[in-house]
Amino acid sequence: IRLMPGVEPLLDRLEAQPGVVLGLLTGNLAQGAALKLRSGGIDPSRFRVGAYGSDAADRPMLPDIAARRAEPFFGRIPRGPEVVIIGDTPADIHCGEGISARAVGVATGSYSVSELAACGPHAVFEDLSDTESVMEAILR
């Protein structure tokens with residue numbers, strides 16, 4: 001497992017931001033996701049909520065599951081632009097449409113910046129190394 005540029009500084013900054021709850025949304029099974037995170041040097045407990053392939057096989061169902069799991073942290077189910085999904089595939093960009101989440105694309109996988117931009121995300125980056133710009137895209 002290779003950690004992509006900027007991931008750890010971004011997680012650190014987001015965790016320090018009042019009102020931000022980190023979540024993990026992945027098609028991986030929960031145990032597999034935890035193993036991947038640990039092998040990349042990330043403590044899975046940093047993600048206070050999550051939704052996994054073990055929760056639903058249909059990826060577009062995962063944002064709603066994660067949002068419902070975030071209710072105890074907010075006193076309500078977060079919806080719309082306050083939910084931000086960061087991903088490296090068109091499926092990631094589109095999966096939050098059911099709850100009107102904003103998407104941020106990151107071209108660290110098989111898709112280029114232009115391919116992800118064509119999917120209509122709120123923002124798209126080559127990687128997450130420009131922490132300030134990524135924070136601005138997430139928080140605005």
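Two strands pair if DSSP finds at least two bridges between them. Strands here are DSSP runs of E, at least two residues long, and helices are runs of H or I, at least four residues long, both numbered from the N terminus. With that in hand, take I85 in this model: I85 stands opposite A103 in β4.

Before going on, the ground rules. This is a predicted model, so to speak of a local feature pLDDT of at least 70 is needed, side-chain atom pairs count only at pLDDT 80 or more, and totals for chains, interfaces and linings use all residues. Residues are numbered from 1 along each chain as its sequence is written, and side-chain values use heavy atoms, with hydrogens and water left out.

I start with the sheet. It is open, has 3 strands in the order β3-β4-β5, and its pairing is parallel. β3 and β5 are at the edges with a single partner strand each, so one side of each has no neighbour in the sheet. From one strand to the next the twist averages 20°; axes are lines fitted to C-alpha atoms, for helices over the stretch in contact, and angles run from 0 to 180 degrees between N-to-C directions.

Now the pairs. β3 and β4 are joined over 4 bridges, and V84 has R102 as its bridge partner in β4. Between β4 and β5 there are 3 bridges, with G105 partnered by V124 in β5.

Contact means heavy atoms within 4.5 Å. The buried residues of α6 are T131, V134, M135, A137 and I138. Down the axis of α6 they fall within an arc of 160°, so they line one face of the helix; the arc is that of the directions from the helix axis to the C-beta atoms. Their cover includes α1, β3, β4 and β5.

That brings in α1, residues 7-16, where V7, L10, L11 and L14 are buried. These cover an arc of only 100° around the axis, which puts them on the same side of α1.

What are the residues with the most contacts inside the largest nonpolar core? They are L10 and F47, in a core of 20 residues. A nonpolar core is a set of buried Ala, Val, Leu, Ile, Met, Phe, Trp, Tyr and Cys residues joined through side-chain atoms within 4.5 Å. At least two residues of this core come from each of α1, α2, β4, β5 and α6. Another core, of 6 residues, lies apart from it, and includes A67, I85, C95 and I99. Leaving out residues up to four places away in sequence, L10 touches I86, L128, T131, V134, M135 and I138.

Last, a residue on the outside. Q31 is in helix α2 and counts as exposed, at 69% relative accessibility. Q31 and S54 lie 23 residues apart in sequence, and their C-alpha atoms are 8.9 Å apart.

Definitions and conventions
Buried < 20%, exposed > 50% of the residue type's maximum accessible area, 1.4 Å probe, protein only.
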